[in-house]
Amino acid sequence: MEILVAVIALAGALLAAIAAGALIQRLRDEPDGWLIAWTVAVAALALSLGVIAIGSFFGFGSVTFRIYQVTGSLLAPLWLSVGLVQLLAEKVPPRFLAWLLGIALTVVSVAIMMFDPLRVEAMSEELPSAAAVWAIIPSYLLTGVHIIDALVMLAMLVVAGLKWRNGDEYDTDNLHASAVIVPSGLALVGAMRFPVPPVFTTALLAVAAAAVWYTALRPLAPYDDDEDDFGPEHDERPPRADDRSQRREERAQHREQRGAVPAVAPPVVPPVAPGERPMFRDEQPAPRGRPEGVPAADPPRRSSGLGDLVAEYRAGDQEVDYAARMAPPPDDGPSTGYIMNGGAAPVGVPPQRPDFAMPGTGSVFPGADVFTPAQQQQGGGKPSPNIYGLLTVFTIMDGAGDAFDRLAEATVEAVRRGEPDTLVYACHAVKSAPLQRIVYELYRDEVAYRDHQRQPHVERFINERQTMVLATNVIELNVNAAKVVPLPTVMF
């Protein structure tokens, strides 16, 4: 029997060590509190299983017994509980109290369990029973910690269920994680608390490590808008690393909007926030006058966590042709395609919404790179390769549509007045999806895009939409061919 226990423990220790390494690797990019706590728990399980394997082969002693109990009976269930609180709590106080309680119990309990005398010193190769070896103080201490662990796990399972009833995909994902971790943690506490055959105790330690590994590294819950965007042919494709990174970033943004402590963003995030490409880190915004009719941006600049990182990432990969903006347009045609003058609303008169309920706003500068009649007869030229474009899909929160549309209209009007190098800047509504808005942007070049990002009205748009937007999807564009005319407007 001891040989079977040793084999299971050795396999479980290897599994737990691999899981701990994977969790540590993820911690480098995503240092969340729950991930830190569960990494401690898995590392403790790996050490406990390794000591069981050694003791089953060569016999247990006071040192191996203490290590097995401290790691498997104390640290593993305790930090599983702390991790659940970090995952599900949206307020700072419960998360801080969980850290405080976990650290305090760890320090005090480890000191007592490592130095308190044992009832029995001589042991065999069979896994020793904790009740027969521990003295009174460590025994009662472990009992109290196990009761706290069980109560916290059950309470967090109830919290996850309540959030899931009226929640979204994030709450579904949290319920899934709780439904895996809580039974494994309770089974681990029971195996350490009550007389259980050594084979089952060892197997439950390995199962607990596998449960944490599965929960922490599995793909996050899918989103309905992902399925709508990509179609059914993509439903069966395996999740890629960048998909998981984007969904984890959206999850962190969602928790920040709901009042949770903001998670630290990964160093490089491929998806770009809608229309966000802030200035590079070593640049300072040039002082500019505020466009007429646009109020000052009262709140300080708050980055979304996406645009700054992408700007730095792109800046390291390619160089911008700063002289392109000063070069005259080519003789063979315009940089933006076929553009006709006229049709723009007068200064100070906002455009009227179409008759249907879904709003749409846009701005086209008629004075930029216009075809002459002779060029129209000869055929348009090819668009400039320096044109920079973005297509952004916003998923806004329920009830925030009107406020978002008013903010977009004010921003578009300010862009129309003061940004001649912004060729197209339009905000669309989606008739079949009332909670979606699409922003289409074309700039003369990337320098013009950075100038656009420095404008006060753009900073106001970025700051004020934070509480309105639930998720974003961004596509960078290269313009191969184009025809752009000013949008028809209706006067009030």
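## A tour of the salt bridges

The structure holds eight salt bridges (a side-chain nitrogen of Lys or Arg within 4 Å of a carboxyl oxygen of Asp or Glu). This is a predicted model: local features need pLDDT of at least 70 and side-chain atom pairs count only at pLDDT 80 or more, while totals for chains, interfaces and linings use all residues. Residues are numbered from 1 along each chain as its sequence is written, and side-chain values use heavy atoms, with hydrogens and water left out.

**Stop one.** Select Lys163 and Glu90. Their side chains form a salt bridge, 3.2 Å from N to O. Lys163 sits in helix α6 (residues 136-165) and Glu90 in the loop between α3 (62-88) and α4 (92-115), so the pair ties together parts 73 residues apart in sequence. Helices (H or I, at least four residues) and strands (E, at least two) are DSSP runs, numbered from the N terminus. Lys163 is partly exposed, at 22% relative accessible area. Glu90 is partly exposed too, with 22%. Buried means under 20% relative accessible area, exposed over 50%, partly exposed in between (1.4 Å probe, protein chains only).

**Stop two.** Go to Asp405 and Arg437. The closest N and O atoms of this salt bridge are 2.7 Å apart. Asp405 belongs to helix α13 (residues 401-418) and Arg437 to strand β4 (residues 433-443), so the pair ties together parts 32 residues apart in sequence. Asp405 is buried, at 4%. Arg437 is buried, also at 4%.

**Stop three.** Select Glu464 and Arg460, a salt bridge at 3.1 Å between the closest N and O atoms. Both lie in helix α15 (residues 456-464), four residues apart, about one turn of the helix. Glu464 is partly exposed, at 28%, whereas Arg460 is buried, at 14%.

**Last stop.** Select Glu413, Arg416 and Arg417: a network of salt bridges links them.
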